[in-house]
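The following paragraphs lead through one protein model. Please keep the sequence and the coordinates at hand while reading.

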Amino acid sequence: MSTATAGGAAAPGRVAPAQDKNKKRKSITGTRLWVAGIFLLPALVLLGALVVYPIGYSVYRSLFDASGDGFVGLDNYREMFSDDATMTAIKNNIVWVIVAPSVATALGLIFAVLTERVRWGTAFKLVVFMPMAISMLAAGIIFRLVYEADPDRGVANAIWVSVHDTFKESPPFPGAHPRPDAGFTESSNGSFTTDATAKADTSVSLPLVAAKRDDVSGAQDAKAAKPEAGKVTGTVWFDFTKGDRGQHNVLDKGEKALADVKIEAVKDGKVVASTTSRADGTYTLPAKADGAELRLPAWNFGQPYNGVDWLGPSLVTPAIIGSYVWIWAGFAMVLIAAGLAGVPRELLEAARMDGANEWQVFRRVTVPLLAPVLSVVVVTLMINVLKIFDLVYIIAPQTSQDEANVLALQLYQSSFGTDVNQGLGSAIAVFLLVFVAPVMFFNIRRIRRERRR
């Protein structure tokens, strides 16, 4: 036994030196380190070329001037924080980070919970998720048209104007007015008042011109009003014939009636009676209108309500955030729905058995159980919105692009715009990286916590 041991056989409980050496060459997974290195090398080369080198060069370039020849130190960073456009971009990025992920996640949560209770939930999820299949470029073009100011072209204003007009009457003849020689005096507020006073038992004609063709194309032929005892009557009509062959301030055959025009009888600055013209243009005022001046309020000729300037300076950022939510709410809904499918139904039923209503079950049971999924969605969207560029660049018009500016857009404009300064652009890129870093750090910590579980 002693000879065998002296001849090199390993003693019990001891590893041979060759095996020790071989073991040191292996990783904890049992793979030789040089083999793992070979397989990782292409990925490391790509990571270095596409991530590490650009970050390092951006930091280096941010310390030089626009030409890249003169070292300026931190001057580009000082200029960045003293530039109004960059400060606006930083403020807008903060708004984006707070609002867009919160709204998209909240809508995704609501959709995921509600669609569990309906038969057509799968179809609804498909429709909500469908915008994710559209590129940001295409989505930007779509919403540029949606937010078009003209209600005849922009869907948003078409809906808004329809709702507005449902509750508030629109002016019947925008831009119309009497002729200068028709016997009217225009007041400062845009109303027109007759020079002569009206008399009972008589008819007062109110001729107008400059009405839009579309507003009078389907109107009836005007009818001459007949005098009525003790009342003031008259006709409101469009005093124009084809070729302008008729007489001015005289109701000619074929001239169109102006319906729904408001007429007021005014005495000593007070309205004593009012009425509206009928479909044939005629109107009737009571006896109180005797001796009064007739006034056509400015409302008759005001411009119709054309909706909201969605892409104006004050609303452009919320409007673009709305388009982003339209795209990404489906993403949030799908992830949350997947998490919701893993929630133990026994806990929900137990809460209901204990007397909790649906709102309490949702707030105290469902949401806490979905907290890990919700954090994933929120962090993912926060990282995404910090880099937002294409929607802002496409949707915001030139007149309000400064108000909608974000860091990624400012980086592009500084580096490749009219006043090219890639030193400043690199400084903005470094700042954007620092801005994203806390969210990335939080996401990495969350992933590590999940792995420990």
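**A walk through the model**

Val-51 is partly exposed, with 35% relative accessible area; that class lies between buried, under 20% relative accessible area, and exposed, over 50% (1.4 Å probe, protein chains only). The model is a predicted one, in which local features need pLDDT of at least 70 and side-chain atom pairs count only at pLDDT 80 or more, while totals for chains, interfaces and linings use all residues. Residues are numbered from 1 along each chain as its sequence is written, and side-chain values use heavy atoms, with hydrogens and water left out.

Val-51 sits in helix α3. Helices here are DSSP runs of H or I with at least four residues, strands are runs of E with at least two, and both are numbered from the N terminus. Val-51 is one of the residues of a nonpolar surface patch of about 900 Å², which also includes Leu-40, Leu-44, Ile-55, Val-59 and Leu-433. Helix α3, residues 33-61, gives the most to this patch, with 9 residues. Patches are made of residues with over 30% relative accessible area and no salt bridge; nonpolar side chains (Val, Leu, Ile, Met, Phe, Trp, Tyr) are joined within 5 Å and like charges within 9 Å. The accessible areas come from the Shrake-Rupley method with a 1.4 Å probe, and for residues only the protein chains shown count as cover.

The sheet comes next. Its 5 strands form an open sheet with antiparallel pairing, in the order β1-β2-β8-β5-β6. Strands β1 (184-186) and β6 (270-276) stand at the edges with a single partner strand each, so one side of each has no neighbour in the sheet. From one strand to the next the twist averages 30 degrees, where axes are lines fitted to C-alpha atoms (for helices over the stretch in contact) and angles run from 0 to 180 degrees between N-to-C directions. Two strands are taken as paired if DSSP finds at least two bridges between them. Strands of a sheet pair through backbone hydrogen bonds, either parallel or antiparallel.

Phe-184 stands opposite Thr-194 in β2. The hairpin of β1 and β2 has 5 residues between the strands, and Gly-190 in it takes a positive phi near 95 degrees. Strand β2 is joined to β8 by 3 bridges, again antiparallel, and the partner of Thr-197 in β8 is Glu-293. On the next step, 3 bridges join β8 (residues 293-296) to β5 (residues 262-267). Glu-293 in β8 also stands opposite Val-266.

Most residues other than glycine have a negative phi. Asn-249, in the loop between β4 and β5, has a positive phi of about 65 degrees although it is not a glycine. Asn-249 counts as partly exposed at 26% relative accessibility. Asp-268, in the loop between β5 and β6, has a positive phi near 55 degrees and is exposed, with a relative accessible area of 82%.

How many salt bridges does a search of the whole structure find? There are 7, each a side-chain nitrogen of Lys or Arg within 4 Å of a carboxyl oxygen of Asp or Glu. Arg-78 and Asp-75 meet in one of them, at 2.4 Å from N to O; both lie in helix α4 (residues 75-82), 3 residues apart, about one turn of the helix. Glu-116 and Arg-345 form another, with the closest N and O atoms 3.0 Å apart. This pair links distant parts of the chain, 229 residues apart: Glu-116 in the loop between α5 (84-114) and α6 (121-129), and Arg-345 in helix α11 (residues 345-353).

Asp-239 and Arg-179 form a salt bridge with closest N and O atoms 3.4 Å apart. Asp-239 lies in the loop between β4 (232-238) and β5 and Arg-179 in the loop between α8 (155-167) and β1, so the pair ties together parts 60 residues apart in sequence. Both residues are buried.

Finally, Arg-144 lies in helix α7 (residues 136-146) and is partly exposed at 32% relative accessibility. Not counting residues up to four places away in sequence, Arg-144 touches Leu-311, Ile-394, Ile-395, Ala-396 and Pro-397, contact being heavy atoms within 4.5 Å.
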